[in-house]
Amino acid sequence: MTAIRPTPRAGVLDIDAYVPGKSSAPGVARVFKLSSNESPLGPSPAAIAAYNEAGKHLEDYPDGSASELRDAIGRVFGLDPDRIVCGAGSDDLLNLLARAYLSDGDEAIHTTHGFLVYPIATMGAGATPVVAPETDYTADVDAILKRVTPKTKMVFLANPNNPTGTYVPFDQVKRLHKGLRPQVLLVIDAAYAEYVRRNDYEAGIELVATSENVVMTRTFSKIHGLAGLRLGWMYGPAHVIDAINRIRGPFNVNLPAIAAGIAAIEDSAHQERSREHNSRWLPWLTEEIGKLGLKVTPSVANFVLIHFSEQNGRTATDANAFLMKRGLILRQVGAYKLPNALRMSVGTEEANRLVVKALAEFLRKAA
Ligand SMILES: Cc1ncc(COP(=O)(O)O)c(C=O)c1O
């Protein structure tokens with residue numbers, strides 16, 4: 001007999017819960033976590049100092065509107081702080097957007113290998129995720145536009161995308177925006193924007209500034225090395241910011257996160273060091289792993305997607321097991337419809353060299 005008990009709204013129990021990157025390898029003393037695209041350089045020392053200072057005042061509620069943090073972000077990017085809202089990670093903001101703008105029967109589009117939080121947020125709001133195919137592991141504007149129906153309320157675009165590392169040039173993003181009805185909200189998730197070094201890339205600020213149906217989300221989890229604090233922000237039209245401010249938790253960003261976030265965003269030298277590190281090791285990894293005969297999707301972010309053979313003994317699962325035994329933790333991406341690939345964050349020099357060496361050994365052994 002089925003017990004009579006509370007039931008979640010339709011769709012909730014169809015959600016596959018998000019599985020974070022692993023952080024430990026059984027039986028291995030020293031591990032290199034390369035599974036969640038965290039910063040190998042860690043946070044700015046100024047951010048750590050601000051965090052420690054804030055730790056002396058944990059009895060106080062934070063400023064619910066995070067106004068000093070929004071002011072600091074506004075100064076750095078030249079934006080109106082009133083059009084910024086902060087969240088407990090950009091995940092928080094993506095979910096709030098879904099809750100505010102989607103309801104039962106609505107559709108939200110994301111791409112085949114798009115970030116998994118999009119379908120989770122969509123289904124959590126009772127709406128239906130619609131998947132647009134990609135071309136060469138890259139979001140395809142025409143394919144997205146083809147999937148727009150009268151029910152479409154939102155389009156999620158990770159630019160660059162996780163876990164592929166590919167990006168959509170700004171003229172294509174503008175074309176996507178032009179093809180959407182003004183009632184459709186285009187969510188540009190620019191979590192990895194700081195790493196991109198391409199002249200034809202724009203994180204989304206210009207589109208947000210010049211339209212009424214585009215928002216851009218950003219995070220402190222990647223270049224700022226503050227993933228553990230859970231901090232993100234969004235820039236959007238005033239009417240969207242107003243809606244999100246009505247439904248967000250009144251203190252959704254905690255006190256140490258606000259303090260560390262201000263110090264981090266103001267430490268441009270630290271950001272530059274992280275960018276430089278990435279600019280050195282991203283091409284190195286791509287080239288060295290490529291030389292081993294493995295395909296690497298060209299990435300503009302702080303990780304690479306490595307493709308493996310389907311042959312027994314040489315698959316991504318085999319490689320993952322081999323690397324795990326050596327304390328090298330990469331990310332299996334089967335949930336992203338990439339069962340034969342592994343995603344690797346750009347790590348420290350030591351970690352990067354160890355992975356290349358281990359992959360060479362793996363392939364030799366499997367030969
Ligand atoms: C594309 C993308 N968007 C958003 C996020 C979420 O970041 P946050 O830590 O700010 O919630 C991630 C984290 O991996 C990501 O890859």
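Q: What does contact mean for this model?
A: Contact means that heavy atoms lie within 4.5 Å. The model itself is predicted.

Q: Then which strands does helix 10 lie across?
A: Helix 10, residues 268-291, lies across strand 11, strand 12 and strand 15 (338-345). Its direction is at about 10 degrees to strand 12.

Q: And helix 11, which strands does that one lie across?
A: Helix 11, residues 316-325, lies across strand 14 and strand 15. The helix runs at about 35 degrees to strand 15.

Q: In what order do the strands of that open sheet come?
A: The four strands follow the order 11-12-15-14, and the pairing is antiparallel. Strand 11 (295-297) and strand 14 (331-333) each have a single partner strand, so one side of each is left without a neighbour in the sheet. On average, neighbouring strands are turned by 35 degrees against each other, direction ignored.

Q: How many bridges join strand 11 and strand 12?
A: Three bridges pair strand 11 with strand 12 (residues 303-307) in the antiparallel sense. Opposite Lys 295 stands His 307 in strand 12.

Q: New topic: at what angle do helix 3 and helix 8 cross?
A: The axes of helix 3 (residues 89-101) and helix 8 (residues 238-247) cross at roughly 100 degrees and come within 10 Å. The two helices are therefore roughly perpendicular to each other.

Q: Which residues meet there?
A: From helix 3, Leu 96, Leu 97, Arg 99, Ala 100 and Tyr 101 meet His 239, Val 240, Ala 243, Ile 244 and Ile 247 of helix 8. By class, this contact has eight nonpolar residues, one polar and one charged.

Terms used
Residues are numbered from 1 along each chain as its sequence is written. This is a predicted model: local features need pLDDT of at least 70, side-chain atom pairs count only at pLDDT 80 or more; totals for chains, interfaces and linings use all residues. Side-chain values use heavy atoms; hydrogens and water are left out. Axes are lines fitted to C-alpha atoms, for helices over the stretch in contact, and angles run from 0 to 180 degrees between N-to-C directions. Angles under 35 degrees count as roughly parallel, over 145 as roughly antiparallel, 65 to 115 as roughly perpendicular and the rest as oblique. Ala, Val, Leu, Ile, Met, Phe, Trp, Tyr, Cys and Pro count as nonpolar, Asp, Glu, Lys and Arg as charged, and the others, Gly among them, as polar. Two strands pair if DSSP finds at least two bridges between them.
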